[in-house]
Amino acid sequence: MIRFVSGGATDVGAVRSENQDSFVIANATIVVADGMGGHQGGEVASALAVQTFTGKITSENASVEELINAAKSANRAVFEKAQTDPSLRGMGTTLTTLGTLEVDGENRVGIAHIGDSRAYLMRDGDLQQLTRDHSLVEEMVRTGQLSEKEAEGHPKRNILTRALGVEPDVEVDVVQVLPLRGDRFLLCSDGLVRELTDDQIASVLRRLSDPTEAARDLVKRAKEAGGADNITVVIVDVADTDVDPEAAARSAQSAPLTTVAPIVNTPSTDSSVPPNKPAPTQAHSTPLVTVRVVLFLVVLVGVIGGALWLAYSYATRSYFVTTTDNHITIYKGRPGGALGFQPKVTKTYTYTLDDVAPARQDQVKMGKTFTTRAEAEAYVQRLVDEKVRLGITPTTVATLQPVTTTTT
Ligand code: CA
């Protein structure tokens, strides 16, 4: 028989406005879920997954098959909920669970796992990751496309290759561990591991013996380190176990890796999915923020671009009529220039200020602005016509053609 002493903590973090993580410690069943999906979706998905899973584990002597079926039931519950409520469509969650199993008459710790919430084991002061993230970056590391170091800050590290609730069925990884008294398991959402290194986590786990205190301390440190995401930590201490400590010690000395390592890793079989089918790619909760950031930047660029365009238009796209060397001239731009754009001569008339009625001369000297060249030309024509109507013949009425025309 295995007895656990557990403690957990969760926090929204320093950036997010809602906590989409869920965790539960129900006797010998411990679950951490990190939800994803728009408004409310992530919270609903993670809470429903945790609730459904714990409801399905009724015995401390569960089989591996029961463990997988409980995770698949949680998958089905979240998937169906997402189908019936349009506002929840596309929601999903990670699921990492820890509980007791009975396999071949032997008590073991069983960890079911979908997504990138992790399980670790600290044994004899050494921390080891038991789960493998179902994420694009993890796959790139596995296939040698990225180094561990490059993976740490990789922009795509939140893209999941497997999540619970996004398809009718899901593949469940199961890790089994033969527990020893003093073993300390840690379950966490990615909000912890993106802020703290394994060494920092291990140091807290070594220093604080109370699991609740240690979980709270880790959450606090992750938040202080940036808290970019929701942070959830559950620590499970093996207070009692049937495993003979002497035998365990001997095996630990001779082959520490095999005793610490998961003794079986059982991916579930999923007959409905052909083996070559690529894993569904699901954007994790962080990409939603990334999408928001991208949208924000797009809007920002749009606003700045629009403002620049307006400024440019203001500075360059209007016309004004004034005089140059006493000749009436149409310029493109703004009188005196604007925003660094100097006005350009579009048309120079042989008319001078003398061809303009005296009452209009000041206006012309100041510069009269129009939105189109045609309007500016019509204005010049009106000025000249006006003078004619007033009985004053323009001096250069015979030369109506402009002396200079540049089109810009
Ligand atoms: Ca997360």
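1. Contacts of V50. Leaving aside residues up to four places away in sequence, V50 touches S22, V24, V31 and A33, where a contact means heavy atoms within 4.5 Å. V50 sits in helix α1, which spans residues 41–56; helices here are DSSP runs of H or I with at least four residues, strands are runs of E with at least two, and both are numbered from the N terminus. With a relative accessibility of 7%, V50 counts as buried, a term that stands for under 20% relative accessible area, while exposed stands for over 50% and partly exposed for values in between, with a 1.4 Å probe and protein chains only. The C-alpha atoms of V50 and I25 lie 10.0 Å apart in space, and the two residues are 25 apart in sequence.

2. Basis of the model. This is a predicted model, in which local features need pLDDT of at least 70 and side-chain atom pairs count only at pLDDT 80 or more, whereas totals for chains, interfaces and linings use all residues. Residues are numbered from 1 along each chain as its sequence is written, and side-chain values use heavy atoms, with hydrogens and water left out.

3. Overall make-up. The protein has twelve helices and 19 strands, and of its 408 residues 47% are buried. Of the contacts between residues at least 6 apart in sequence, 70% join residues at least 24 apart. The protein exposes about 19900 Å², of which carbon and sulfur atoms supply 54%; these accessible areas come from the Shrake-Rupley method with a 1.4 Å probe, and for residues only the protein chains shown count as cover.

4. Distant parts of the chain are linked by the pair D34, in strand β3 (residues 29–36), and D190, in helix α5 (residues 190–193), which are 156 residues apart. D34 is buried, at a relative accessible area of 0%, and D190 also counts as buried, at 5% relative accessibility.

5. H154 and its surroundings. H154 lies in the loop between α4 (148–152) and β9 (159–160) and is buried, with a relative accessible area of 16%. A polar atom of the H154 side chain lies 3.0 Å from the backbone nitrogen of K156. Not counting residues up to four places away in sequence, H154 touches V137 and L146.

6. A71 in helix α2. A71 belongs to helix α2 (residues 64–84) and is buried, with a relative accessible area of 0%. Residues up to four places away in sequence aside, A71 touches F53, L95, I114, L164 and V172. For I114, which is 43 residues from A71 along the chain, the C-alpha separation is 8.7 Å.

7. The structure holds one cavity of 30 Å³ or more, and about 50 Å³ of space lies in the largest cavity. On a 1 Å grid over the protein atoms alone, a cavity is a set of points where a 1.4 Å probe fits but cannot get out, a pocket is an open set with protein on both sides within 12 Å along at least five of seven lines, and lining residues have an atom within 4 Å of a point. Grid points are joined across faces, edges and corners, and a volume is the space filled by probe spheres set on the points. Residues lining the largest cavity include T29, F53, I57 and A62, and β5 contributes the largest share of that lining, five residues. The largest pocket holds about 580 Å³ of space; 21 residues line it, of which R118, A151, E152, R157 and V193 lie nearest its centre.

Conventions:
Polar contact = N/O pair within 3.5 Å; in protein donor to acceptor, adjacent residues only side chain to side chain.
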